[in-house]
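Here is a short briefing for a first look at this structure.

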Amino acid sequence: QVQLVESGGGLAQAGGSLRLSCAASGIVFRINAMGWYRQAPGKQRELVAAITSGSSPNYADSVKGRFTISRDNAKNTVYLQMNSLKPEDTAVYYCNADIVIIAGARRFWGQGTQVTVSS
């Protein structure tokens, strides 16, 4: 059973920083793209950042220059470094990953981690 386990959320002040981690566990043959999404109360889930298996990143305009996505393939882990946080970054953050398992390629989601930014 493959799982994505997130950590690193919490409370930060505006202008502060947080780092999220998401590790895949279980029998994993290969991990393709990985990414972070977020969902604020009353809003749809939106893409924050994504990274290919070759570590090419892609960012939402709202976080460019402030957030950095990276991955450690040896650890099956994706990170999101969040700097210059704003109150509007408050949301539940979810990681996802396209993982090749015994049954084929599947998209997995983490359980979500709360990020709250106070002004």
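A polar contact is a pair of N or O atoms within 3.5 Å; within protein, one must be able to donate a hydrogen and the other to accept it, and residues adjacent in sequence count only if both atoms are side-chain atoms. The model is predicted: local features need pLDDT of at least 70, side-chain atom pairs count only at pLDDT 80 or more, and totals for chains, interfaces and linings use all residues. Residues are numbered from 1 along each chain as its sequence is written, and side-chain values use heavy atoms, leaving out hydrogens and water.

**R38**
- R38 sits in strand β4, residues 30–39. Strands are DSSP runs (E, at least two residues), numbered from the N terminus.
- The R38 side chain makes a polar contact with the side chain of D89, at 2.9 Å.
- Another polar contact links the side chains of R38 and S62, at 3.4 Å.
- Leaving aside residues up to four places away in sequence, R38 touches residues including F67, E88 and Y93. Contact means heavy atoms within 4.5 Å.

**The sheet**
- Four strands form an open sheet in the order β1-β3-β8-β7, with antiparallel pairing. Strands pair if DSSP finds at least two bridges between them.
- β1 (3–7) and β7 (67–72) are at the edges, each with a single partner strand, so one side of each has no neighbour in the sheet.
- Six bridges join β7 to antiparallel β8 (residues 77–82).
- S70 has Y79 in β8 as its bridge partner.
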